[in-house]
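Trainee: I should like to learn how to read a structure of this kind. May we look at it together?

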Amino acid sequence: MLPEWMSGADDYTPEKGGGTFAVRTIKSLGAVMSSLRVQRGHEKARAVPAWIKIILLLAGITALSIARSPLVLMGAAALLLGYLCLWPARDIASVLRPALAAAALAAVLFLPAVLVDRALMPNSLRVIAKVALSVIMVNIFNHTTQWNHITAGLRRLHVPGIIVFSIDITLRYIVMLGRLICDLLTSYTMRAVGKKRGSYGSVGGVMGVAFLRGSQLSSETYEAMRCRCFTDDYKGL
Amino acid sequence: MHIPENYLSPVTCAVMGAAMVPVWVHAVKKVKEELPAEKISMIGVGAALSFLGMMFNVPLVGGTTGHAVGGTLIALLFGPNAACIAVSIALLLQAVLFGDGGVLAFGANCFNMAFVLPYLGWAVYRLIVKTASGDKSAGMGRQLLGAAVGSYIGLNAAALCAAVEFGLQPLLFKDAAGLALYCPYDLSIAIPAMMIPHLAVAGLIEAAFTVAVYAFVKKTSPDLIYSPETPQAAPVRKSRVPLFALVAVLTAATPLGLLAAGTAWGEWGTDEIAGVAEGGSALGYTPAGMENGWELSAPMPDYSLEGVGEVLAYILSAVIGVALLIILFKLLSLALAGRNTKRPEV
């Protein structure tokens, strides 16, 4: 004989919104991780050295920012788009998408000012164009340069060793800790069906565990470095 | 709060970047003294955590989400100097990797989020914890209160700095016709626009996030948390003098920025007429045109570029047009190819 509660129909529907924050965070983390781990760029074998590219990028963005003549903007646009149109379509898309997003955001931000005072139109349009071109420039740089070459370039430009070392470590930890956070959040969503409360607590727990794991990894890194004759001198790295 | 490229004038960016150099030098030096060598790679952990913390979509009232910066949290866990380097590195990666925040505006972004935020948040936390109890060990509740208030004030101070940087642009950088060259909103608009959402929403998220993580780490492994008492008490106390000197230098450097801005503005005065003519002609442009349409119309009235400018602009717009067409067709073929490959799978 079955007990009554087992034979009756269940009308349980989970509340909406439970654990959605975790799902959203997993999604945004996943997007970042995939772009970090699968660097889809195409750096040629005989490319310009990264440190020259860094200088060129800074010079280009500065020149674009200072320039007031529309001709300079047009020249930059012609140069960048002309270079870009030689690329494979997939790479063009990944360079243009953030640029268009940044330009759209700038357009939304500048819209009220232009509506209030129509005379602000040319300057606002110029800023929007500059935003798009700058983001295209940064993306082209990022797309054609591997990360280890960028850090090597920074070292060449006499950025302190401790900073370059930290940048390298950071990139690695973003991937490792990001994967850990994804796993933790996945297990959280699986257990928090329909649960609305306790989101803040779980954020604290997830980040806290990531912190503990990170400090453990960092001490392991240090031990491994000591085993390979590291002498606490970040200059020679 | 990430300031994108070209919202701030290059002069402002240069001044902010120059202001950050002594901060970075100080932070690197102090970190080497304060942190034992085996903890240096913790800076990388801090930067990674700060980067990942910004990805967390913390739930808000009404189903929306927002994200925290976590600068104060990093300062509480690793110390303010390590936090300064860590947040700077996280910002650098965001600027170069994801176009989030400008490369030129990097100095300004670092000033707001890697200098003002962690140092002020840390100072407020210390103040609350210290005044609470004369002895070293303040109660857990008091510490969490310090973390909450410190992170709230730190974030809002950073937002205020960003608002002031935005708001100064139209006051300092105008073309000859008096129109804003960069961000068009002055202080009276920029400050409320930035501060209201930060005071009401973002600051609370930051405080909740900081308290949640801090409480967890404090409960599970309190020995990992940075405290100036544990390594060596004396050098830390000494270190306040350079910090004050730094603040003094920065305060003194602020009018320098205005001065630099003034000379730049004077330089620009030479092409007054061009600016006026541009302002007048721009009203007649047709928005339906391609993005090069307005650029083409703009150089025409500029008398100094007549002749040469017209031909050059024509050639440039032809190049832009051809390049855009090629890009468009390539993207179109990519979209079509994507649909074709998907169909057999479904």
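Predicted model: local features only at pLDDT ≥ 70, side-chain atom pairs only at ≥ 80, totals over all residues.

Mentor: We may begin with confidence.

Trainee: What is the mean pLDDT of chain B, and where does the pLDDT fall below 50?

Mentor: The mean for chain B is 70, and 68% of its residues reach 70 or more. Over residues 231–241 of chain B, pLDDT stays under 50, and the model has four contacts beyond four places in sequence for them. The pLDDT is also below 50 over residues 250–306 of chain B, a stretch with 59 contacts in the model beyond near neighbours in sequence.

Trainee: Which elements of chain A have the lowest and the highest mean pLDDT?

Mentor: The lowest, 72, belongs to helix 2 (residues 20–37) of chain A, and the highest, 86, to helix 3 (residues 50–66) of chain A. Chain A as a whole has a mean pLDDT of 79, with 84% of its residues at 70 or more.

Trainee: How many helices and strands does chain A have?

Mentor: Chain A has nine helices and zero strands. The domain assignment divides out domain 1 (49–154) and domain 2 (160–227) of chain A, and their centres, taken over C-alpha atoms, are separated by 33 Å. Of the contacts in chain A with a separation of 6 or more, 83% are between residues 24 or more positions apart. Of the 237 residues of chain A, 35% count as buried.

Trainee: How does one check the length of a helix, and what span should helix 4 of chain A have?

Mentor: One compares an expected span with the distance between the ends. Helix 4 (residues 70–84) of chain A has 15 residues, so at 1.5 Å a residue it should span 21 Å; its end C-alpha atoms are 21 Å apart, which agrees.

Trainee: Which residues of helix 4 of chain A are buried?

Mentor: First, the general idea: an α-helix has 3.6 residues a turn, so residues three or four places apart point the same way. In helix 4 of chain A the buried residues include A:Leu73, A:Ala77, A:Leu80, A:Leu81 and A:Leu84.

Trainee: Why does A:Leu80 count as buried?

Mentor: A:Leu80 counts as buried because it has 21 C-beta neighbours inside 10 Å, and the cut-off is 20 or more. Leaving aside residues up to four places away in sequence, A:Leu80 touches A:Leu133, A:Ile136 and A:Met137. A:Leu80 and A:Ile136 are 56 residues apart in sequence, yet 7.7 Å apart in space, C-alpha to C-alpha.

Trainee: Is A:His158 buried or exposed?

Mentor: A:His158 is exposed, because it has 8 other C-beta atoms within 10 Å. A:His158 is placed in the loop between helix 7 (147–156) and helix 8 (161–191) of chain A. Its phi is near 65 degrees, a positive value in a residue other than glycine.

Trainee: What does A:Gly178 touch?

Mentor: Not counting residues up to four places away in sequence, A:Gly178 touches A:Leu29, A:Val32, A:Met33 and B:Leu52. A:Gly178 lies in helix 8 of chain A and counts as buried, with 21 C-beta neighbours inside 10 Å. Between the C-alpha atoms of A:Gly178 and A:Met33 there are 7.2 Å, although 145 residues separate them along the chain.

Trainee: How many residues of chain B are in contact with chain A?

Mentor: There are 79 residues of chain B in contact with 78 residues of chain A. Helix 12 of chain B gives the largest share of the side of chain B that touches chain A, 15 residues. By class, that side has 57 nonpolar, 16 polar and six charged residues.

Trainee: Which residues of the largest nonpolar core touch the most other members?

Mentor: They are A:Ala132, B:Ile85 and B:Ala86, in a core of 156 residues. Helix 5 of chain B gives the largest share of this core, 15 residues. Among the residues that B:Ile85 touches are A:Ile163, A:Ser166, B:Ala27 and B:Val28.

Conventions
Residues numbered from 1 in each chain as written. Chains lettered and ligands numbered in written order. Contact = placed C-beta atoms within 7 Å. Helix = DSSP H or I, 4+ residues; strand = E, 2+ residues; numbered from the N terminus. Nonpolar A, V, L, I, M, F, W, Y, C, P; charged D, E, K, R; others polar. Domains from an automatic or database assignment. Buried ≥ 20, exposed ≤ 12 C-beta atoms within 10 Å, placed from the backbone. Expected span 1.5 Å × (residues − 1). pLDDT = per-residue confidence, 0-100. Core = buried A, V, L, I, M, F, W, Y, C linked by C-beta atoms within 7 Å.
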